[in-house]
Amino acid sequence: MESTSVANAGEALFRPVRAGNAFEETVERLLQAIRLGVVGAGERLPSERELAERLGVSRVTLREAIRALSDAGYVESRRGRYGGTFVHDTLPGPPEPEGKIDAAGLEDALCLRYVLETGAAEMAAARSLSPADRRHLTGTLAEAAGADLADYRRKDSRLHLAIAEVTASGSLTTAMADARTRVNQLLDRIPLLPPNLEHSNAQHEAIVDAILAGDAPAARQAMAEHIEGTASLLRAFLS
């Protein structure tokens, strides 16, 4: 049975698209779910029927979007009883960045992330979490801690999104997914630094520990410290 938190993630990312750009937005939603780790490497996407209903698009549009992602190396279709559309075990690297970063745009993205993620950590800690929520947090924490460099960004994103999911606010999860996609585009422009990743993993543990303990102020503070560290690196490399 699908857990509440995973269901929230699906509802947030596979929400109805606008009619004017149905194909483009369908590609965007599917790619966002893959890059944020909501559908992990080797995992199967929901069925065509379910995705078409959630996204509010025709099966033809959905198939065109899936074909585009298949051609780009993100998914593959398998036939048979256990067939479907599966995420590749190894995903293409991020595209080469174009142009300079606008300073105002950078600060806007960092400000939005700070407000959303500190608030999400605080609200998650303030809730009475279900056993499934607790398993979701500890599971995504372990996956981030054990990720290699090639997969770290996706596992890191999945943990942060999990924190929003356990607040049980679909609107917050949607906003977090969009904000995290924007931040990842900035993070893709800077190198992955092993000492920073070790520090991030320790901070992740402190955040999750505070949430599981129901200590809302500590969860907010731990998340603030974590986000400020990432913001410092982004400003250093991109400003």
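**Close-up views of a predicted model**

View 1. Beyond its neighbours within four places in sequence, R180 is in contact with L36, R113, E117, R153, D156, S157, H160 and L187. The model shown here and in the other views is predicted. R180 belongs to helix α8, which comprises residues 170–187. Its relative accessible area is 4%, under the 20% limit, and R180 is therefore classed as buried. With one of the listed residues, S157, the side chain of R180 forms a polar contact of 3.2 Å.

View 2. Helix α7 spans residues 149–165. Because 14 of its 17 residues are buried, α7 is largely enclosed by the rest of the structure. At 1.5 Å a residue, a helix of 17 residues should span 24 Å, and the end C-alpha atoms of α7 lie 25 Å apart, in agreement with that expectation.

**View 3. Helix α9 and the elements that cover it.** Helix α9 is formed by residues 194–213. The buried residues of α9 are L197, S200, N201, Q203, H204, I207, V208, A210 and I211. Their cover includes α5 (103–126), α6 (131–145), α7 (149–165) and α10 (216–238). After α9 comes G214, which has a positive phi near 75°.

View 4. Strand β1 (residues 75–78) pairs with strand β2 (residues 84–87) in the antiparallel sense, through 4 bridges.

**View 5. R78 and the ring of F86.** The charged end of R78 is placed over the ring of F86, at 4.0 Å from the ring centre.

**View 6. R29 in helix α2.** R29 is located in helix α2, which covers residues 22–35. Its relative accessibility is 8%, and as the limit for a buried residue is under 20%, R29 counts as buried. When residues up to four places away in sequence are left out, R29 touches L13, F14, R15, P16, V17 and L55.

Terms used:
Residues are numbered from 1 along each chain as its sequence is written. This is a predicted model: local features need pLDDT of at least 70, side-chain atom pairs count only at pLDDT 80 or more; totals for chains, interfaces and linings use all residues. Side-chain values use heavy atoms; hydrogens and water are left out. Helices (H or I, at least four residues) and strands (E, at least two) are DSSP runs, numbered from the N terminus. The expected span of a helix is 1.5 Å times one less than its number of residues. Buried means under 20% relative accessible area, exposed over 50%, partly exposed in between (1.4 Å probe, protein chains only). Contact means heavy atoms within 4.5 Å. A charge sits over a ring if NZ of Lys or CZ of Arg is within 6 Å of the ring centre and within 35 degrees of the ring normal. A polar contact is a pair of N or O atoms within 3.5 Å; within protein, one must be able to donate a hydrogen and the other to accept it, and residues adjacent in sequence count only if both atoms are side-chain atoms. Two strands pair if DSSP finds at least two bridges between them.
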